[in-house]
Amino acid sequence: MRRRVVVVIFEGFQLLDLAGPVDVFETASLFAPEDGYRVEVAAVRAGAVAAHGGIVIDAAIALREVEGPVDTLLVLGGLKVPDCVDDRELVQQIARLARVSRQVASVCTGAFLLAEAGLLNGRRATTHWMAAADLGHRYPATTVDANPIYIRDGQVWTSAGVTAGIDLTLALVAEDHGHALARKVARGLVVYLHRPGGQDQFSTPMRAGTPRTEPLRELQAFIDANPADDLSVPALARRAGMSERHFSRSFTNQTGVSPGRYVERSRADAARRLLESTGHPLDRIASLSGLGTPETLYRVFRRHWRISPGDYRRRFQTQEN
């Protein structure tokens, strides 16, 4: 029998908070048609509900008309959530449905609605890193951890910002049907089954922007394609035909990061790709990625990906197998 999932939406919800989890549930149902999922989209009032950005979704049923039992109650997030916590009917219906649901989950700032309904009292929870401090301030009975991609505390699940809803839903599929099915879904959607690291890797702009001028765009492409080359500021300035001072200033102004920081992140990316695609030992990975030594590889990889190179490779291989 398919598991019943009720997804709660409201005016201004985040569209990807809906699309990501629903695609995970529906893909799981393709692989396991007899015992997959049956997704229902509900709102305070049935009918057209506009997501943030104006795309309209049809809520098939009003929340007050949903009767139990429900397997999973999934509450979405969005920029309008701070306004929605004052919608008493929405909050009361979430609280009511939680009592007839096997488990409750939220995506992103949907955690505010769970907290307003009293479902996070005495629990550990997460939300979008930009909203975590506000969640903790508004709901002191909740222990807020801003870093995890998702948290399970008993039968209540919360997830970080936006795409973390996919991670959360894959975890739900793994819990319901085992890791083999969750792995097939992840591979079908071309996403991580277990994303390495936590939210803090996304909380600052780690990747540079695209330069406005063609010489610096070409240089950026050269850096990414040749991580083991001499990518020092003097060498890059010569290649760009600029003085070192002018090059450093121009690159930083046009990309938002210094040349040194860009090179380090590009090399960390190269190391990640090599860990995924080769069986090279770590000293070879360090050499090919331009990081030089295993010690530097370890330090830089931890700084950018919040995980050691060895642990990253093991997680990636587990997902692939």
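**Exercises on aromatic pairs in a predicted model**

The protein contains 14 helices and 11 strands, where helices (H or I, at least four residues) and strands (E, at least two) are DSSP runs numbered from the N terminus. This is a predicted model, in which local features need pLDDT of at least 70 and side-chain atom pairs count only at pLDDT 80 or more, while totals for chains, interfaces and linings use all residues. Residues are numbered from 1 along each chain as its sequence is written, and side-chain values use heavy atoms, with hydrogens and water left out.

**Exercise 1.** Classify the ring pair formed by Phe-25 and Tyr-37, and locate both residues.

*Solution.* Rings of Phe, Tyr and Trp (its six-membered ring) pair if their centres lie within 6.5 Å, and planes under 30 degrees apart count as stacked, over 60 as edge-to-face and the rest as tilted. By this rule the count comes to 6 aromatic pairs. Phe-25 belongs to helix 1 (residues 15-31) and Tyr-37 to strand 2 (residues 37-43), 12 residues apart. Both Phe-25 and Tyr-37 are buried, a term for under 20% relative accessible area, with exposed over 50% and partly exposed in between (1.4 Å probe, protein chains only).
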